[in-house]
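Subject: Structure handover

Hi,

Here is the structure I promised to pass on to you. Have a look at it first, and then read on for what turned up.

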Amino acid sequence: MNIQDPKNAWAGAVAQIRAEIGEDQADLWFKPVEPLELRDCVLRLKVPNKFFSNWIRQNYQKRLVEILAAQGCGDVGLEYEISRNLDEVAPQADPIPAPRPQTDFSSSEFNPRYTFSNFVVGDSNRFAHATAEAVAKSPGAQFNPYFIYGGVGLGKTHLLNAIGNAVRGNNARARVLYISSEQFVNEYIDSIRHGNPDGFRAKFRNLDCLLIDDIQFLISKEKSEEEFLHTFNSLFNARKQVVISSDRSPKEMTQTEQRLISRFEWGVVADIKPPDLETRIAILRKKAEMEGFFVPEDVIIFVASAVKTNIRTLEGCLIRLKAFSLLTRAPLSVDSAKDILKDSLGQEEASPVRAETILRVVAYKYSLDIKDIKGHQRSASVALPRQLAMYLACVMTDLSLKEIGRAFGGKDHATVIHAREKIKKLLAEDPFFLEMANKLKSDILAVENH
């Protein structure tokens, strides 16, 4: 056949398959793929890594070949060239600028590594980050107070320190204080013990910006809470900025002190959720760059896939890998990373839910009827969701294999075992499928606990 334009051929094939599998799946698997050459009945494609080529080959290659043939490309084969970078999946991290020189005033107050420039932004924290930047540019002018909440190790302390660093960088004379609620309580107790409450109040009520971390530890400590309330009122009335972090939203805190909780909601409340896979990959790339440490792409994907909820754990894994590499001078691989991090990568405990909930959520995800999943249709568009739902039933319910088979339209236990083992293999080989399965688990738990 004659040489044809590979970009046009590939674009036409992707447009066709996009209509068949949906926008999300098409963007996930085909957007990072680059057509290189269409010659001698072979279309060469550049993919980010072997997971992409394996997944496309196993799930979409036959259909892609059919579409290309229908477009007049003839009997075309597909070949894959592995890219040695993850730029299509997670953009290259921006270089980390050197920290600004510290001033004499409270020089040890903020962590110089916690800046906006090295905070990795994703869908899980975009609003919290944007609001924090706005607060830092004009403290006290808007978004006051600013309340950030989220789980442990998701970046709340980083944002508080980034605000402090930015405010101080914009105005070296600004009176800015970062403190944990525990430190606040201890300083208040010391001021009472030493008969110097006025000194305590002068310190906290004459600030331009107060950044207080983990406020949940202050709630229900009656005297300290009362003192913080007065401090808050004084700063707020003077149009000075107050930024607060917590592991829970104001509405989830104890209702014993409504005066304080209501004040948290006067300004902006933003949450930080666990990062998605692409953001975790970007965090590892950023951290590796900051540490001056090269990590192979497949190792980055492995760690990002294994650690799903805690950025501190994610960064801790990277530090352990760096220590191993420096001490042994051995190259890192996925196998060595698994061995080095085996104590850090605990398995998530299964949460018992109803099989009906799993069926409903998986059916919705794949735009199927529950009767299709319970049925006997063997097409890939139904078989894979059915097998995934069976696997989730194995790990998320307390049902026996026989009971799971019964819940899926009377399948035998051997069918359930086959589905479980197939999905386990896919999860081990494909981090993007793993990410999708983890999101399904979260959706199932949310529906079950609603």
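Two strands count as paired if DSSP finds at least two bridges between them. By that rule, E1 and strand E2 (residues 42–47) are an antiparallel pair, joined over 5 bridges. One of the residues involved is leucine 38, whose bridge partner in E2 is leucine 43. Please keep in mind that this is a predicted model.

Now for the sheet as a whole. It is open and has 3 strands in the order E1-E2-E3, with mixed pairing. Which strands stand at the edges? They are E1 (34–39) and E3 (77–82); each has a single partner strand, so one side of each lacks a neighbour in the sheet. On average, neighbouring strands are turned by 25° against each other, direction ignored.

Two helices pack on this sheet. Helix H1 (residues 6–21) touches E1 and E2, and its direction makes about 115° with that of E1. Helix H4 (residues 61–73) touches E1, E2 and E3, with its direction at about 120° to that of E3.

Helix H19 (residues 413–429) packs against helix H20 (residues 431–448) at an angle of about 115°, and their axes are 5 Å apart. On the H19 side, the contact is made by Ile423, Leu426, Leu427 and Glu429, which meet Pro431, Phe433, Leu434 and Ala437 in H20.

Notes: Residues are numbered from 1 along each chain as its sequence is written. This is a predicted model: local features need pLDDT of at least 70, side-chain atom pairs count only at pLDDT 80 or more; totals for chains, interfaces and linings use all residues. Side-chain values use heavy atoms; hydrogens and water are left out. Axes are lines fitted to C-alpha atoms, for helices over the stretch in contact, and angles run from 0 to 180 degrees between N-to-C directions. Helices (H or I, at least four residues) and strands (E, at least two) are DSSP runs, numbered from the N terminus. Contact means heavy atoms within 4.5 Å.
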